[in-house]
Amino acid sequence: MAAAAEPTVLVCDDESQILRALRVVLRDAGFRVLPAATATEALDLGALHALDAAIIDLVLPDGDGIEVTRTLRAWSQMPIIVLSAIDDEDEKVRALQAGADDYVT
Amino acid sequence: MRRPPPLPLGPTAPPVALGVGVAVTGIALTTLLVYPLKHVAPVVALGVLYLLVVLLVSSLWGAWLGAGTALASALAFNYFHIPPTGRLTIAESANWAALGVFFVVAIVASSLAQAARSRASEVAERRTEADLAAEMARLLLRGGDLRAALATAAQRLSAALDLPSAAIEPVDGDGVENVGAEVGRRRIAIALHDGERPIGTLVVPAGLPATTLARLRERVAPALEALLAAALEREALLGDRVETAALRRSDVLKTALLRSVSHDLRSPLTAILTAAEPLAGERIEDADRRELGAIVGEEARRLARLVDNLLDLSRLETHGAPPRPEWCSLEEVVRAAAEGVGVPVDTFQLRMAPDLPPLRADAAQLERAFANLLDNAARHGAGHPVLIRASAVRSRILVRIVDRGPGIAPTEQERIFEPFHRAPGDRAASRGSGLGLAIARGFVEVNGGRVWVESLPGQGASFVVELPIEAAADGLVVAAAPDRSAEGGRSGRGEA
């Protein structure tokens, strides 16, 4: 069970290509990647697995990435990075207030 | 609405000559009538009979002719009936007094009749003017084409005032020339103002009676000014509202454009940047390199499509995409569009009627329209093939692009053609720009066609493109194909 030693990262993005690219990049960097395309999938994976970090897109088809961040933060003190195509100061503040550690556009 | 006056007292008197004739005849008949009556009543008392003639004449022809009739009556009464008869002298002083009283009563009665006539005439005029004002208010304030309403109002005005003609011209710019002056020899222009501002002109023929002209200037023109000012203000407000609505729409569009573009441009860029960085590294496995390379290529193409779509939409919004019609084959257009979508070739199944006539349209624009419709169908087709059927029905060609995806809710079926609109819960749409269907509709419509969607949720969607078949140019064989497809004789939006 060598895989158990790898840190686990939840990646939630509705853009399948970004998800694919992040999976490859993070896997090569030594992470185990749990991909999710919706808020529901992200929260399901977060509830089932012990996560070491999470990368969450803000705009999701079934909800708000901020809400996912807030829920995950209530469960864990892991690093959470919000990833979004929206370069907006208010969104950044909301994300950080919800418990994100960083905001990447 | 216009009621007849209760008395035969029209606003204009009958001819004076007729009045003189009536007066002479009436006096003669009365003089004759007094002869037999002298045997049963005192002759002086019978002078009252002449009053009937005086009243009749003065009420119809005015006080002056009435006074003349009274004088003639007194003379005739004196000459024929007051002793000594046959002479204009009076023997007894009592008869002088009787004749004097008669004359005074006749003059007073004549004046009263004239006053009654004037009042009746004025009442009739005012009633006509009130009816006219109400009619013009209805015409000018109901909205619609103001110039047409003014033309109708001018007709009503000329009919109500018995004018040969009348015209009402609004002022479009800085003012009117010759306002208030005689325009040539045949027309008179009465300036209409809203305060100091000239707002129009009432043009009537020259040579109208002075009373009619005064009536137009003093009573009709002020009412018309108030109505025209209100109508012009209403028209200006309506124009402002339309302009405001257009600006608001443009503003909403720009906001949506900025939000959508910032998101849609950044998403493929993020994917490309994320994938490109490890590609430059040395410690990457071949399989990962291929996958990341594929991601870069796909996202770059997606970015290019988005930029193309933005340019297309921009041209359509600014009417900068005039079609360049040429004779073209629908099948070639659709095949080229299908090949450009970037999905496996067997995704699209073409079922074109074999004898479709050529189209006269901008082939490049139609290809862009079909490429967007096919791209949309492929993304929403749930992995099933997309069927493309085309057939000629009378003077048009119908193309149906049928997918077997989740379908479109009725409330969304028109909105999906709006730029940047994405149906709620539509995950496949996140791969699109939200512009494709707006562009498809734009290009189809500038080429004289229509596009709409028919769908039931859960049962796929059928996008229908209707294009007109024009008369063929010389040398081109065009056979209006009998409809042999499954669509039969059905047509239009009602198709299932």
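## Basis

Residues are numbered from 1 along each chain as its sequence is written, and chains are lettered from A in the order in which they are written. In this predicted model, local features need pLDDT of at least 70, side-chain atom pairs count only at pLDDT 80 or more, and totals for chains, interfaces and linings use all residues.

## Sheet of chain A

Five strands of chain A form an open, parallel sheet in the order β2-β1-β3-β6-β7; strands are DSSP runs (E, at least two residues), as are helices (H or I, at least four), numbered from the N terminus, and two strands pair if DSSP finds at least two bridges between them. Because β2 (32-36) and β7 (102-104) of chain A are edge strands with a single partner each, one side of each lacks a neighbour in the sheet.

Strand β1 (residues 8-12) of chain A runs parallel to β2(A), joined to it by five bridges. T8(A) has R32(A) as its bridge partner in β2(A).

## Sheet of chain B

In chain B, five strands with mixed pairing form an open sheet in the order β6-β8-β9-β11-β10. The edges are β6 (348-352) and β10 (450-455) of chain B, each with a single partner strand, so one side of each is without a neighbour in the sheet.

β10(B) and β11 (residues 461-468) of chain B run antiparallel and are joined by six bridges. V451(B) has V465(B) as its bridge partner in β11(B).

## Contact between the chains

Chain A places 14 residues in contact with 19 residues of chain B, where contact requires C-beta atoms, placed from the backbone, within 7 Å.

Technical notes. Two residues are in contact if their C-beta atoms, placed from the backbone, lie within 7 Å.
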